[in-house]
Amino acid sequence: MSATPASATVARLLRADLRGQSAYGAPQLDVPVRLNTNENSYAVPPDVVAAITEAVAACASGLNRYPDREFTDLRADLAAWVSTQTGIAVGAEQLWAGNGSNEVLQHVVAAFAGPGRTALGFTPAYSMHPIISRTLGTTWVDGHRGAPSGVFDLDAASAVAQVREVAPQVVFLCSPNNPTGTALPLEVVRAVLDAAPDTLVVVDEAYAEFARPGTPSAVSLLAAYPQLVVTRTMSKAFALAGGRLGYLVAAPEVIDALRLVRMPYHLSSQTQAVARAALAHRASLLAEVEAIKVQRDRIVDVLAAQGFPPVPSDANFVLFGGLADASHTWETLLAHGVLVRDVGIPHHLRVTAGTPEETTAFLDAMAALPTDHRLPTPVGTWTRGGPR
Ligand SMILES: *Cc1c(COP(=O)(O)O)cnc(C)c1O
């Protein structure tokens, strides 16, 4: 028998719908200024390091046993945090968690979408929404954004029309939206919920803690809409991307449905311990959120003055336009030691708000760009001005 190349064998064995697909792959490069994945630039502070170390040590001898499958204590802690952050009382029975909000989204898709079903999102939005949907056999429909207020905005009439046309089992809304940065007005969420009582509506609020004042959370709509799911994460504001802890808030009946698709004991004992220690020390972990927002607003102001139109941001990153060739500028910034994200939107790049020093390095590199990096006539200028 002649040996068949492994690539040919795998290509033959792989699910037909996965052939030729590319995996999620934000570059992880070791450069001085890493502003490409919206991580929190600030290291976990010493008091939280001590608490985490102690919590992991305390659970180590019990690792011969499976963890609490229901992560009861963690759910209570998360419920308390959501209630504090949003001002809306939610109970532990409304909480669910996973190894990052990506896993939580995967549970939602596995339970409510999947083969023979359709999911709809409004592009550009979070690239993992279609990837998770498709890998679980769901038909994905790319909806579109664009409203009188801005090319990346989504208004109620357009969202409702697209939901009616596609009639998906699951619809993804993202607020603040990644990669564009702007929060979705709550009336858009409400309009979609009213128009689609038989659609599960996921509002991805990964960046909620960075929103500008007066931005309400979709958590405030949970009492009225049983088909609503709000997902959040400790990866961004909490500076715990490496800890892998994401969560969602929904009706207890939705949580019950997720138990059908999760792997048993999916949250390890040490993950639960680390997340609880972090939540207990949240004041310390969240201390830099205001400082990051200051840098976010500084990026918006300086880029606007430099002639690279920024999109209004409620997140810890800024999408900006006015570039002749985004990938060329991406490489030029990298040569300056600054890693940003090319999200595939022509003439645009996305940058994370880091420390003041990192932000300065990025803005200096932008100021130093030769003029041929600029579009002759900037496209993607926004008419909506001022903070909300
Ligand atoms: C970063 C991000 C997530 C978080 O993913 P984790 O798995 O929790 O690290 C979820 N949704 C959006 C829109 C994001 O940008």
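**Figure 1. Helix 4 and the glycine that follows it.** Helix 4 (101–112) is followed by Gly 114, a residue whose phi is positive, near 95°; helices here are DSSP runs of H or I with at least four residues, strands are runs of E with at least two, and both are numbered from the N terminus. The model is a predicted one, in which local features need pLDDT of at least 70 and side-chain atom pairs count only at pLDDT 80 or more, while totals for chains, interfaces and linings use all residues. Residues are numbered from 1 along each chain as its sequence is written, and side-chain values use heavy atoms, with hydrogens and water left out. The 12 residues of helix 4 should span 16 Å at 1.5 Å a residue, and its end C-alpha atoms are 16 Å apart, which agrees; the expected span is 1.5 Å times one less than the number of residues. Among the buried residues of helix 4 are Ser 101, Glu 103, Val 104 and Leu 105, together with His 107, Val 108 and Val 109, where buried means under 20% relative accessible area, exposed means over 50%, and partly exposed lies in between (1.4 Å probe, protein chains only).

Figure 2. The largest pocket has a volume of about 1000 Å³. On a 1 Å grid over the protein atoms alone, a pocket is an open set of points with protein on both sides within 12 Å along at least five of seven lines, whereas a cavity is a set where a 1.4 Å probe fits but cannot get out, and lining residues have an atom within 4 Å of a point. Grid points are joined across faces, edges and corners, and the volume is the space filled by probe spheres set on the points. Of the 47 residues that line this pocket, the closest to its centre are Tyr 24, Tyr 126, Ser 127, Met 128 and Arg 341. Two or more lining residues come from each of helix 4, strand 3 (118–123), helix 5 (128–135), strand 4 (139–144) and strand 5 (170–174), and helix 5 gives the largest share, five residues. The lining divides into 22 nonpolar, 15 polar and 10 charged residues, counting Ala, Val, Leu, Ile, Met, Phe, Trp, Tyr, Cys and Pro as nonpolar, Asp, Glu, Lys and Arg as charged, and the others, Gly among them, as polar.

**Figure 3. Two of the aromatic pairs.** The count comes to six aromatic pairs, under a rule by which rings of Phe, Tyr and Trp (its six-membered ring) pair if their centres lie within 6.5 Å, with planes under 30 degrees apart counted as stacked, over 60 as edge-to-face and the rest as tilted. Tyr 66 and Tyr 265 form a stacked pair, because their ring centres are 4.0 Å apart and their planes are at 10°. Tyr 66 lies in the loop between helix 2 (46–60) and helix 3 (72–86), and Tyr 265 in the loop between helix 8 (252–258) and helix 9 (269–280), so the pair ties together parts that are 199 residues apart in sequence. Tyr 66 is exposed, with a relative accessible area of 64%, whereas Tyr 265 counts as partly exposed at 28% relative accessibility. The rings of Trp 140 and Phe 172 have their centres 5.8 Å apart and their planes at 40°, so this pair is tilted. Trp 140 in strand 4 and Phe 172 in strand 5 are 32 residues apart, and their pair links distant parts of the chain; both residues are buried.

Figure 4. Phe 71 is in the loop between helix 2 and helix 3, and its phi is near 30°, a positive value in a residue other than glycine. At 0% relative accessibility, Phe 71 counts as buried. Arg 75 lies over the face of Phe 71, at 5.7 Å from the ring centre; a charge sits over a ring if NZ of Lys or CZ of Arg is within 6 Å of the ring centre and within 35 degrees of the ring normal. Arg 350 likewise lies over the face of Phe 317, at 5.4 Å from the ring centre.

Figure 5. The peptide bond from Thr 123 to Pro 124 is cis, with omega near 0°, and Pro 124 is placed in the loop between strand 3 and helix 5. Val 343, found in the loop between strand 10 (338–339) and strand 11 (349–352), is 219 residues from Pro 124 in sequence and 8.9 Å from it in space, C-alpha to C-alpha. Another cis peptide bond joins Asn 178 and Pro 179, with omega about 15°, and Pro 179 is found in the loop between strand 5 and helix 7 (186–195).
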